[in-house]
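Let's take a walk through this structure together, starting with its aromatic rings. Have the sequence and the 3D view at hand as you read.

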Amino acid sequence: MKTTLPTDDVFNNDCFRAIANCTYDWESWHTSAGRLLWVNAAVERMTGYSPEECLAMTDYPLPMVAPEDRDKISQVLQQAQADQIGNDVEFRAIHRKGHELWMAVSWQPMFHGNGKHLGFRTSIRDITERNQLREQLKLHAAHLEQLVQERTAQITQLEMNRRKMEKLAALGQLAAGVAHEVNNPLAGIRNAFALFKADVPAEHEHFELLELIDREIERISSITHLMYQLYRPSAQCATSFLIDNIIEDVIRLLEPAAGKAQVRVEQEAETGDIQVTLPEGEVKQILLNLIQNAIQASAPGGTVSIRVRTHGNTVKVQVADHGSGITEENLPRIFDPFFSTKTSTPRQGMGLGLSVSRSLIEAMGGSIDVMSAPGSGTCFTASFPQFIQQS
């Protein structure tokens, strides 16, 4: 599109000169060779340079353009001198005071009414605010994308957890059903075997085998009890007691196992009289499982440390060992039913202790957390509510 000027001398006409000077955008008129003939007053408002200073520049407008964009503006001037038309080319201008502004330049050739080529005009608009809004929009879009990714990851994790809980629930229900069905014939076997054993004198050459069978029957009974409790924990009434007393009882119960493993169990002294109102038997079972696991994970000569702390209405019992630790691969699975890292150690349980312990403590409104790394030992933290609502 051409710009055709009236036949009158525009710049000798005060009316047209006033219009041009009052134009909001930064307007310039160049000869066909690119030399600046005129620039309006808006240049000083936008760049701090007066029209007179611009007219004195030999390479206008490059001194007012950021060095990174001078090649771009030189190409614009070349295209304008070739009578090409361009629109909204963005560049950075440097204000006389040193700060940077974003501009957009458009240009087109100009012709006199008689068809004479008069050069070209440029129109430059300040788009700093527009550019800032665009950058803010980019930041908001990036932030929104990050939020979407985070929410998607959370939804994926929740879905995985839901499926895992469904599997665990089905497994627990199956375990409870199996345990219930096994207990009935097991009771009959136990009673029949007790009668049989009573008729065998202790001096009999196979009496030790009978003792072994008796222990294995008891072991099967213990496993089925844990399987049943994994899905249908027995409801116990909450009573008030000192948590330190329960820990001492558990340590005494595990003294034979600790002695056989040559492991020392130490309870932190002077933890204070911390009283809780919880199902005492279930608390004892949870701590028994955790401390027993720590003993089994410790090497001969090792130490299991027990530390009790309160945080608000929460009582935290930490059980730490200095064993081989748990691998990163196994750490997320240690609370799964029937999962055990003790596969190389015979007669060390069926991988139900931690599952049952977590089930019991979560039913109270508490939790079990674990920190472990290969070669650095393991620390379980059982967080009990200090009080549990009586049903």
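Searching the whole structure turns up two aromatic pairs (rings of Phe, Tyr and Trp, the last by its six-membered ring, with centres within 6.5 Å; planes under 30 degrees apart are stacked, over 60 edge-to-face, the rest tilted). Tryptophan 26 and tyrosine 60 make an edge-to-face pair, because their ring centres are 6.5 Å apart and their planes meet at 70°. This pair links distant parts of the chain, 34 residues apart: tryptophan 26 belongs to strand β2 (residues 26–30), while tyrosine 60 is in the loop between α3 (51–56) and α4 (70–81). Tryptophan 26 is buried at 1% relative accessible area, and tyrosine 60 is buried at 7% (buried means under 20% relative accessible area, exposed over 50%, partly exposed in between, with a 1.4 Å probe and protein chains only).

Phenylalanine 335 and phenylalanine 380 are also edge-to-face, with 6.4 Å between centres and 90° between planes. Phenylalanine 335 is in the loop between β11 (314–321) and α10 (353–363) and phenylalanine 380 in strand β13 (residues 378–385), so parts 45 residues apart in sequence are tied together. Phenylalanine 335 is buried at 10%, as is phenylalanine 380 at 8%.

Stepping back, the chain has ten helices and 13 strands (DSSP runs numbered from the N terminus: helices are H or I with at least four residues, strands E with at least two). Of its 391 residues, 38% count as buried.

A word on the model: it is predicted, with local features needing pLDDT of at least 70 and side-chain atom pairs 80 or more, while totals for chains, interfaces and linings use all residues. Residues are numbered from 1 along each chain as its sequence is written, and side-chain values use heavy atoms, leaving out hydrogens and water.
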